[in-house]
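The structure comes first, and the description follows.

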Amino acid sequence: MANYETITVEKRGKVAILTINRPDKLNALNKQVHTEGVAALAELRRDDVRVLIVTGAGEKSFVAGADIGEFAGQTPVTQRDLFHEKTFFNSIDAFPKPVIAMVNGFCLGGGNELALACDLRTASETARFSQPEINLGIIPGGGGTQRLTHLIGEGRAMEIMLTGDMIDAQTALQFGLVNHVYPAAELESKTIELAEKIAEKAPIALQLIKEAVKFASRSNLDEGLRREVDLFAICFSTEDKQEGVSAFLEKRKPVFKGK
Ligand code: COA
């Protein structure tokens, strides 16, 4: 992996942990984080790592939003260019392997949008979530109005975005915004446990599940069902399908190779 200033990547077997590393700014997303995040994801795509965890450095914050300091100098044209470019959000969304947001503290604005671009979200009991853009006289621009609404429904998403209020981890769990909440001291070990469990599964099938599930919120039911049948058929061309079926019939644990 290349050396990045605002990002670190640590590999633990088949799991990689990407940490946004600006703790003095509560890991706010500036242009450099977007650029380096996109580059790191491009490297990890080619790597044999099977599951990615995204988190923030320090104990206080996952990501406290877009870097508000940078907003001051943005014009409509530069801001539109920045977000139409390959953003960190969209690179995570399009990343072919499963991505888990490990939310270790403030998860605000662009931070929540980053977590929403991931496939699963775990959170510490101390995590706090909000879309506070309304307090700055703007709206979420990193996918929040769309992804939050798809994930938790219009009524709850509306209240979060219209009020800008923070919700706690238990409320986020109740809303379906996060999959699991753990005591802060256990967040990392439990999240890695979850990642390792997924990393043992067949990599091509994981990728196809991700593609099919994401298609569900971007298409109608008939199109989605047709796409699922095609993706299902692709599985039958893989060695992993042979291995999975043989292992079941031979009463042994399958070893998937991603072929
Ligand atoms: N952009 C840029 N800098 C940020 C930031 C952001 N989104 N969020 C926090 N920071 C910086 C602070 O300016 C401060 O920097 P400084 O020490 O150089 O002054 C540092 O991170 C620590 O934050 P601070 O506000 O002192 O911590 P706190 O515990 O008092 O408050 C928050 C924490 C999260 C409540 C507060 O930082 C906050 O409201 N941040 C903005 C959240 C937001 O609106 N995000 C959405 C942007 S669209």
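A backbone N or O atom of A64 lies 2.9 Å from a nitrogen atom of the ligand. The model is a predicted one. Polar backbone atoms of A66 and I68 also face ligand nitrogen, at 2.8 Å for A66 and 2.9 Å for I68. The ligand is surrounded by 15 residues, and A64, A66 and I68 are among the closest, together with K25 and K60.

| Residue (backbone N or O) | Ligand atom | Distance |
|---|---|---|
| A64 | nitrogen | 2.9 Å |
| A66 | nitrogen | 2.8 Å |
| I68 | nitrogen | 2.9 Å |

Helix α5 (residues 110-117) and helix α6 (residues 144-152) have axes that come within 10 Å and cross at roughly 55 degrees. At this angle α5 is therefore oblique to α6. The crossing of α5 past α6 is left-handed. On the α5 side the contact involves N112, E113, L116 and A117, which meet G144, R147, L148 and L151 of α6. Sorted by class, this contact has 4 nonpolar, 2 polar and 2 charged residues.

The second pair is helix α10 (residues 203-216) and helix α11 (residues 221-235), with axes that come within 10 Å and cross at roughly 175 degrees. Because of that angle, α10 is roughly antiparallel to α11. From α10, L208, E211, A212 and F215 take part in the contact; from α11, the partners are E223, G224, R227, L231, I234 and C235. The contact of α10 with α11 has 6 nonpolar, 1 polar and 3 charged residues.

How values were computed:
Residues numbered from 1 in each chain as written. Predicted model: local features only at pLDDT ≥ 70, side-chain atom pairs only at ≥ 80, totals over all residues. Heavy atoms only, no water. Axes fitted to C-alpha atoms, helices over the stretch in contact; angles between N-to-C directions. Helix = DSSP H or I, 4+ residues; strand = E, 2+ residues; numbered from the N terminus. Parallel < 35°, antiparallel > 145°, perpendicular 65-115°, else oblique. Left-handed = near helix turned anticlockwise from the far one by under 90°. Contact = heavy atoms within 4.5 Å. Nonpolar A, V, L, I, M, F, W, Y, C, P; charged D, E, K, R; others polar. Near = heavy atom within 4 Å. Polar contact = N/O pair within 3.5 Å; in protein donor to acceptor, adjacent residues only side chain to side chain.
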